[in-house]
Amino acid sequence: MKPRFRGKSLFYFCLLACLAIVAVHLLTITRLASWEDEVFAFSTGWSIAHAKTPALSVLALFPDTISPVRFYGPVSFETAAVLIRIFGFSPTAWRVACFSGVILTTLVSALLVRLAGGDRWATLLAVLVSCFGGVVESNMPGRFDFVAMGILLLGMLLSLSAFQPWATHRVLKTILAGSFVGLALACTPRILTPLTAFSAAAVL
């Protein structure tokens with residue numbers, strides 16, 4: 001077997017393995033136990049979906065628990081409300097929506113590597129790290145952080161592509177980049193950490 005053929009086979013094997021892991025995870029996502037943040041997000045979404053005050057009704061049962069409001073923003077709660085209106089009280093729909101953030105993060109990470117001039121192996125490494133990281137963290141399902149990160153990275157991608165020498169529609173891309181960054185911040189204030197790091201890197 002020629003080295004070039006072996007390299008191509010290894011590349012596609014790793015890519016298919018990544019897709020298989022995502023598929024298996026989606027099939028087993030309903031078997032994982034619920035945890036605090038997921039319950040609180042869904043509780044608030046339930047209140048909003050029923051035209052009530054967006055309050056965490058379950059806090060009455062757990063008065064000593066720190067409120068997740070400081071960790072999540074209105075976008076996550078409104079998303080939960082929309083899913084409840086469409087699918088009813090379905091934790092599976094919420095978990096799949098949150099896991100879509102892992103897929104979005106993976107795809108945008110690959111595009112960022114390509115924009116930076118990385119080859120297919122560097123792109124594959126970015127895909128593997130993003131995908132496996134999301135699956136490993138999925139022992140706590142229903143984390144909206146991944147959706148927020150995917151949106152933030154999409155804003156970064158548009159921002160960086162707007163300043164490339166060959167770029168077109170720079171004003172539009174810049175406006176969209178800012179909109180995505182703002183949307184990510186409205187998902188969770190945890191995005192401030194990677195956003196600060198990106199801003200510092202851009203200045204330097």
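**Entry 1: a loop residue.** I began with His169, which I found in the loop between α6 and α7, where helices are DSSP runs of H or I with at least four residues, strands are DSSP runs of E with at least two, and both are numbered from the N terminus. I noted that His169 has a positive phi of about 55° although it is not a glycine. Most residues other than glycine have a negative phi. His169 counts as exposed at 60% relative accessibility, and I wrote down the scale I used: buried is under 20% relative accessible area, exposed is over 50%, and partly exposed is in between, with a 1.4 Å probe and protein chains only.

**Entry 2: what I am looking at.** I reminded myself that this is a predicted model, in which local features need pLDDT of at least 70 and side-chain atom pairs count only at pLDDT 80 or more, while totals for chains, interfaces and linings use all residues. Residues are numbered from 1 along each chain as its sequence is written, and side-chain values use heavy atoms, with hydrogens and water left out.

**Entry 3: the whole chain.** I looked up the secondary structure and found eight helices and zero strands in the protein chain. Of the 204 residues in the chain, 40% are buried.

**Entry 4: a charged pair.** How many salt bridges are there? I took a salt bridge to be a side-chain nitrogen of Lys or Arg within 4 Å of a carboxyl oxygen of Asp or Glu, and by this rule the count comes to one. The side chains that meet in it are those of Arg190 and Asp145, at 2.6 Å from N to O. The pair links distant parts of the chain, 45 residues apart, with Arg190 in the loop between α7 (170-187) and α8 (192-203) and Asp145 in helix α6 (residues 145-162). Side chains of opposite charge can pair when their charged atoms come close. I also compared the two partners by cover: Asp145 is buried, with a relative accessible area of 13%, whereas Arg190 is partly exposed at 31%.

**Entry 5: the largest pocket.** I then turned to the largest pocket, which has a volume of about 180 Å³. On a 1 Å grid over the protein atoms alone, a pocket is an open set of points with protein on both sides within 12 Å along at least five of seven lines, a cavity is a set where a 1.4 Å probe fits but cannot get out, and lining residues have an atom within 4 Å of a point. Which helix gives the largest share of the lining? I found that α4 does, with five residues, while α1 (3-28), α4 (91-115) and α5 (120-136) each supply at least two. The lining divides into ten nonpolar residues, one polar and no charged, and its members include Leu15, Cys18, Thr106, Leu107 and Val127.

Entry 6: Leu107 lies in helix α4 and is exposed at 54% relative accessibility. Its C-alpha atom is separated by 9.4 Å from that of Leu154, 47 residues apart along the chain. Pro91 is also in helix α4, but I found Pro91 partly exposed, at 34%. The C-alpha atoms of Pro91 and Phe42, which are 49 residues apart along the chain, are separated by 7.9 Å.

Notes. Points joined across faces, edges and corners; volume = space filled by probe spheres on them. Nonpolar A, V, L, I, M, F, W, Y, C, P; charged D, E, K, R; others polar.
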